[in-house]
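Biologist: I am new to this one. Can you take me through it, starting with the inside?
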Amino acid sequence: MKNSKEIFIELLEHLKLSANKLSVALGHKNNTKIYHVKNGRNKISSDLAKEITDKFSDISYSYLLTGEGEMLKSETKHFQPEGKIIDVNELPVKYVHIIPIKGRGGLESSYFADEIITKLETEKLSIKIPSSNGSKWFKIEVEGISMDDSTSDYDGSKYSLCEGDWAYCRSIPRVNWRNKLHLNSVKVFCFFHNQRGIIFKKVKSHNEETGELLLSSLNPDKKQFPDFTINVGECSYICNVIKVLSEF
């Protein structure tokens with residue numbers, strides 16, 4: 001018979017969620033409860049099983065507690081969707097420039113000139129909401145751990161970026177750089193900086209008169225990753241991070 005840890009890992013694989021993202025989906029203030037089950041410290045309690053099945057109605061409550069039978073309810077296996085299924089062919093399509101870690105040297109040495117950007121490999125991306133006509137889209141491989149806020153007892157926030165993740169980024173039109181960066185709604189930015197290269201950071205403050213930005217890492221080690229300032233005029237592109245693909 002499966003133990004709680006095995007059941008929970010199977011659940012995460014089915015939901016295609018990390019332990020942290022499941023915690024967020026359940027509305028937990030932190031992911032301690034989820035993390036302890038994932039690592040086998042605690043069993044799946046009846047309260048947690050109810051939270052999960054209330055949120056994900058196709059999951060069997062008894063299976064979470066006992067491991068007996070099937071994880072999915074029997075009626076779920078024969079479910080027939082109703083209503084219109086979204087056809088991705090009807091969604092707007094953008095061509096995304098792909099920037100792997102190993103391919104950045106030439107870009108940075110040319111200060112991210114448009115003629116170099118246009119030579120990058122691209123892929124098609126279907127988007128739900130049309131973006132500004134002047135925006136460029138990038139798929140950038142994350143390097144380093146400055147935006148990884150996970151610790152030994154914490155999986156990290158929903159905005160955490162781990163080394164090896166791929167971040168989909170949409171450039172912000174230059175006309176909006178001075179006073180329309182929308183700091184309250186955008187949690188992570190990507191900057192193509194003329195000295196620091198491609199960097200992912202949170203913006204703590206923005207001086208709209210001078211264009212100065214105070215940038216901060218999500219990593220809690222502020223000795224290794226201190227806050228620093230840049231100016232919007234030092235950037236070739238400033239982007240919103242729209243979506244992150246992770247191996248976890």
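**Cores, strands and a pocket**

Modeller: This is a predicted model. Its largest nonpolar core has 21 residues, and those with the most contacts inside it are Ile140, Cys190, Phe192 and Phe200.

Biologist: Which elements give two or more residues to this core?

Modeller: They are strand 3 (137-141), strand 4 (166-171), strand 5 (189-193), strand 6 and strand 9 (235-245). The largest share comes from strand 9, with three residues.

Biologist: What does Ile140 touch, not counting residues up to four places away in sequence?

Modeller: Its contacts are Ile99, Arg104, Asp165, Trp166, Ala167, Cys169, Cys190, Phe192, Ile198 and Phe200. Apart from this core lies another, of 19 residues, which includes Leu22, Ala49, Tyr63 and Leu64.

Biologist: Back to strand 6. How does strand 5 pair with strand 6?

Modeller: Strand 5 and strand 6 are antiparallel, with five bridges. A hairpin of three residues joins strand 5 to strand 6, and His193 sits opposite Gly197 in strand 6.

Biologist: And how many bridges join strand 6 to strand 7?

Modeller: Five, and strand 6 and strand 7 (residues 212-216) also run antiparallel. Val203 has Leu215 in strand 7 as its bridge partner. The hairpin of strand 6 and strand 7 has four residues between the strands, and Gly211 there takes a positive phi near 80 degrees.

Biologist: Where is His206 found?

Modeller: His206 is in strand 6, which covers residues 197-207.

Biologist: Is His206 buried or exposed?

Modeller: His206 is buried, because its relative accessible area is 17% and the cut-off for buried is under 20%.

Biologist: What does the side chain of His206 reach at 3.2 Å?

Modeller: The backbone oxygen of Arg178. Leaving aside neighbours within four places in sequence, His206 is in contact with Trp177, Arg178, Asn179, Leu181, Leu183, Gly211, Glu212 and Leu213. That list includes Gly211, the residue with the positive phi in the hairpin of strand 6 and strand 7.

Biologist: Changing topic: how much space lies in the largest pocket?

Modeller: About 750 Å³. The pocket is lined by 32 residues, and the closest to its centre are Lys21, Ser157, Lys158, Ser160 and Ser246.

Biologist: Which elements give two or more residues to the lining of the largest pocket?

Modeller: Helix 1 (4-15), helix 2 (19-25) and strand 9. The largest share of the lining, five residues, comes from strand 9.

Terms used. Residues numbered from 1 in each chain as written. Predicted model: local features only at pLDDT ≥ 70, side-chain atom pairs only at ≥ 80, totals over all residues. Heavy atoms only, no water. Buried < 20%, exposed > 50% of the residue type's maximum accessible area, 1.4 Å probe, protein only. Polar contact = N/O pair within 3.5 Å; in protein donor to acceptor, adjacent residues only side chain to side chain. Contact = heavy atoms within 4.5 Å. Core = buried A, V, L, I, M, F, W, Y, C linked by side-chain atoms within 4.5 Å. Pairing = 2+ DSSP bridges. 1 Å grid on protein atoms, 1.4 Å probe; cavity = no way out; pocket = protein on both sides within 12 Å on 5 of 7 lines; lining within 4 Å. Points joined across faces, edges and corners; volume = space filled by probe spheres on them.
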